[in-house]
Amino acid sequence: MDITKIEEYKSVFDLIAKSINDDEGNTIEVWYARELQQVLGYARWENFVVAIGRAIESCKTLGINVDDHFRETTKMIALAKGAQREVQDFMLTRYACYLIAQNGDPKKEEVAFAQSYFAVQTRKAELIEERLNELARLNTRERLRASEKQLSRNIYQRGVDDRGFGRIRSKGDYALFGGLSTEQMKQRLGIKSGALADYLPTLTIAAKNLATEMTNYNVEQKDLYGEANITAEHVQNNRSVRGMLSQRGIKPEELPPAENIKKVERRVAKDEKDMLKDKSKLPKK
């Protein structure tokens, strides 16, 4: 998501924020669910209430008082010929909005933005962009873990052991990185310990994942057996992905390393801990 789009979303989310006083006279920000529903791209209230319900359950699981962050209210909406009807609504703290975003549809761009908007306390566009990029990298890395785990299961059922899986994956790297082995790539990027993929930029992780997904698909569809056949398939898929990148002037082995993804995971987790320290709570009824 580029910075212009982020600033557009930020303006919309800022616009629906309201200020109220808590029990100690401090000014806090709140949002109303009916308005949040619209900016998160939910057409139906019934679907949005499901996300709210999941967020409330998350709050309970964490041992946090739900009433401090979620307050059921009502709202009058206009009907035909000037009539009005009372409908359900919720007053929400920043933390409640964050939990709703965490339990929303991650395919929605607005939901992905909201996860970072409510997590970043100062809510500067540049910080939101940075966190969105971090989340994109974390999600891509997790998809690679899942596809490699599936490949391990697939080939184990087809006569390949753990050592064979390691050799297959290594030869895939050799093809993707233009003749550089996994260990050579680690040396090139200055990686002293840990998995190569933990230091790769998002684009390269996505490339590895695409090649692995292709291998999984063809191993199953072609019912490939044995290390030699599966290796040939995986190498070809990595070469194909490399060829696609090369057509766009991208050489995976020349991209700079990224921050150790374990550090990124810890920093993202810290955001939620910091939110728990936030004293913003809804006033008592």
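A: Helices here are DSSP runs of H or I with at least four residues, numbered from the N terminus. With that settled, helix H4 (94–102), helix H5 (109–119) and helix H6 (125–156) each give at least two residues to the lining of the largest pocket. Keep in mind that this is a predicted model, where local features need pLDDT of at least 70 and side-chain atom pairs pLDDT 80 or more, while totals for chains, interfaces and linings use all residues. Residues are numbered from 1 along each chain as its sequence is written, and side-chain values use heavy atoms, with hydrogens and water left out.

A pocket is an open set of points on a 1 Å grid over the protein atoms alone, where a 1.4 Å probe fits and protein lies on both sides within 12 Å along at least five of seven lines; lining residues have an atom within 4 Å of a point. The largest one has a volume (the space filled by probe spheres set on the points) of about 420 Å³. Its lining counts 19 residues, with Ala112, Leu132, Leu135, Ala136 and Asn139 nearest the centre. H6 supplies the largest share, eight residues. Sorted by class, the lining has eight nonpolar, six polar and five charged residues.

On to the cysteines: there are zero disulfides (pairs of cysteine sulfur atoms within 2.5 Å) in the structure. The sulfur of Cys59 has its closest cysteine sulfur in Cys97, 12 Å off, so the two are too far apart for a bond.

Methods:
Nonpolar A, V, L, I, M, F, W, Y, C, P; charged D, E, K, R; others polar.
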